[in-house]
Amino acid sequence: MNKIDLLIGVIIGFATTLLGVYLYLELYVHYDFSSGLSNLKNQGILGKVITIGAVLNILSFFILLKLNKELMARGVVLATILLTVITLLV
């Protein structure tokens, strides 16, 4: 059961980052999602936008801690670390 909670936390971490990137593209840059990602990759700033999107992981982390879901919160931290590695590679 513990591995499932950790996996759910990782999924939550990636989903909140995806939501953050989507909100950034829609509210600040005014691109639609698919063309915005390709334009940002061509400009070389996609990693920075992923980092901005990962800010929502802080909110999900503290919500999970408040709900006493420590393993899911660890999964969110793991997802953030994985996103850091992905951002360095992009």
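Colleague: At what angle do α1 and α3 pack, and how far apart are their axes?

Modeller: This is a predicted model. In it, helix α1 (residues 2-29) packs against helix α3 (residues 46-53) at an angle of about 115°, and the axes are 7 Å apart. That makes α1 roughly perpendicular to α3.

Colleague: Is that crossing left-handed or right-handed?

Modeller: The α1 and α3 crossing is right-handed.

Colleague: Which residues make the contact?

Modeller: From α1, Thr 16, Thr 17, Gly 20, Val 21 and Tyr 24. On the α3 side the contact uses Val 49, Ile 50, Ile 52 and Gly 53.

Colleague: And what is the contact of α1 with α3 by class?

Modeller: Five nonpolar residues, four polar and no charged ones.

Colleague: Switching to α4 and α5. How do their axes cross?

Modeller: Helix α4 (residues 56-66) and helix α5 (residues 70-89) cross at roughly 165°, and their axes come within 8 Å. The two helices are therefore roughly antiparallel to each other.

Colleague: Left-handed or right-handed, that α4 and α5 crossing?

Modeller: The crossing of α4 and α5 is left-handed.

Colleague: Which residues in α4 meet which in α5?

Modeller: α4 brings Asn 57, Ser 60, Phe 61, Leu 64 and Leu 65. They meet Glu 70, Met 72, Ala 73, Val 76, Val 77, Thr 80 and Leu 83 in α5.

Colleague: How many charged residues in the contact of α4 with α5?

Modeller: One charged residue, along with eight nonpolar and three polar.

Notes. Residues are numbered from 1 along each chain as its sequence is written. This is a predicted model: local features need pLDDT of at least 70, side-chain atom pairs count only at pLDDT 80 or more; totals for chains, interfaces and linings use all residues. Side-chain values use heavy atoms; hydrogens and water are left out. Axes are lines fitted to C-alpha atoms, for helices over the stretch in contact, and angles run from 0 to 180 degrees between N-to-C directions. Helices (H or I, at least four residues) and strands (E, at least two) are DSSP runs, numbered from the N terminus. Angles under 35 degrees count as roughly parallel, over 145 as roughly antiparallel, 65 to 115 as roughly perpendicular and the rest as oblique. A crossing is left-handed if the near helix is turned anticlockwise from the far one by less than a right angle, and right-handed if clockwise. Contact means heavy atoms within 4.5 Å. Ala, Val, Leu, Ile, Met, Phe, Trp, Tyr, Cys and Pro count as nonpolar, Asp, Glu, Lys and Arg as charged, and the others, Gly among them, as polar.
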